[in-house]
Amino acid sequence: EKSLHHQPRLSLNDLATETGFNTRDISQAINRSAECSFCDYINKLRVEDLKDKLLSDTSGKISILDKAFEVGFNSKSSFNLIFKRETGKTPTQFIKNS
């Protein structure tokens with residue numbers, strides 16, 4: 001609801017403070033339901049949000065990197081690496097093939 005995953009340096013402790021759950025329970029819930037680590041899960045959410053932004057933007061006035069920063073990525077290199085790992089494509093390839 002609050003899109004906490006858009007916070008660039010979101011930590012498990014931040015999420016625990018915000019939700020009132022303890023870090024161990026949050027981590028276990030993510031590991032079991034999403035079958036990945038907390039960081040991987042947050043990055044998957046960011047990539048999904050970014051894909052929506054890329055597909056819905058018809059103006060092209062905001063750069064891909066600016067949109068990546070909007071959804072919580074904090075460096076170009078990690079963004080490019082994570083986006084390609086999650087989608088199998090670079091952001092530019094994703095846009096061209098969509």
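Of the 98 residues of the protein, 26% count as buried, in what is a predicted model. The protein has six helices and zero strands, so that reading along the sequence gives the pattern α-α-α-α-α-α. Taken along the principal axes, the C-alpha atoms fill a box of roughly 40 × 25 × 20 Å.

**Surface and contacts**

- The protein exposes about 6400 Å², and carbon and sulfur atoms supply 49% of that area.
- Among the contacts with a separation of 6 or more, 47% are made by residues 24 or more positions apart.

**Helix H3**

- Helix H3 covers residues 38-56, which gives it 19 residues, and the distance from its first C-alpha to its last is 27 Å, close to the 27 Å expected at 1.5 Å a residue.

**Charges and salt bridges**

- The protein has 15 positive and 13 negative side chains, and the centres of the two sets lie 6 Å apart.
- The count of salt bridges comes to seven, and one of them joins Glu18 to Lys2, with the closest N and O atoms 2.5 Å apart.
- That pair links distant parts of the chain, since Glu18 is in helix H1 whereas Lys2 is in the segment before H1, 16 residues away.
- Glu18 is partly exposed, with a relative accessible area of 38%, while Lys2, at 58%, is exposed because its value is over 50%.
- Arg85 forms a salt bridge with Asp40, the closest N and O atoms being 3.7 Å apart; Arg85 lies in helix H5 and Asp40 in helix H3, so the pair ties together parts that are 45 residues apart in sequence.
- Arg85 also forms a salt bridge with Glu86, where the closest N and O atoms are 3.8 Å apart, and through shared partners Asp40, Arg85 and Glu86 are joined into one network.

**Arg24 in helix H2**

- Arg24 is found in helix H2 and is exposed, with a relative accessible area of 52%.
- The C-alpha atoms of Arg24 and Asn13 are separated by 9.8 Å, and the two residues are 11 residues apart along the chain.

How values were computed
Residues are numbered from 1 along each chain as its sequence is written. This is a predicted model: local features need pLDDT of at least 70, side-chain atom pairs count only at pLDDT 80 or more; totals for chains, interfaces and linings use all residues. Side-chain values use heavy atoms; hydrogens and water are left out. Helices (H or I, at least four residues) and strands (E, at least two) are DSSP runs, numbered from the N terminus. The expected span of a helix is 1.5 Å times one less than its number of residues. Buried means under 20% relative accessible area, exposed over 50%, partly exposed in between (1.4 Å probe, protein chains only). Contact means heavy atoms within 4.5 Å. Accessible areas come from the Shrake-Rupley method with a 1.4 Å probe; for residues, only the protein chains shown count as cover. Lys and Arg count as positive and Asp and Glu as negative; His and the chain ends are not counted. The place of a charge is taken as NZ of Lys, CZ of Arg, CG of Asp or CD of Glu. A salt bridge is a side-chain nitrogen of Lys or Arg within 4 Å of a carboxyl oxygen of Asp or Glu.
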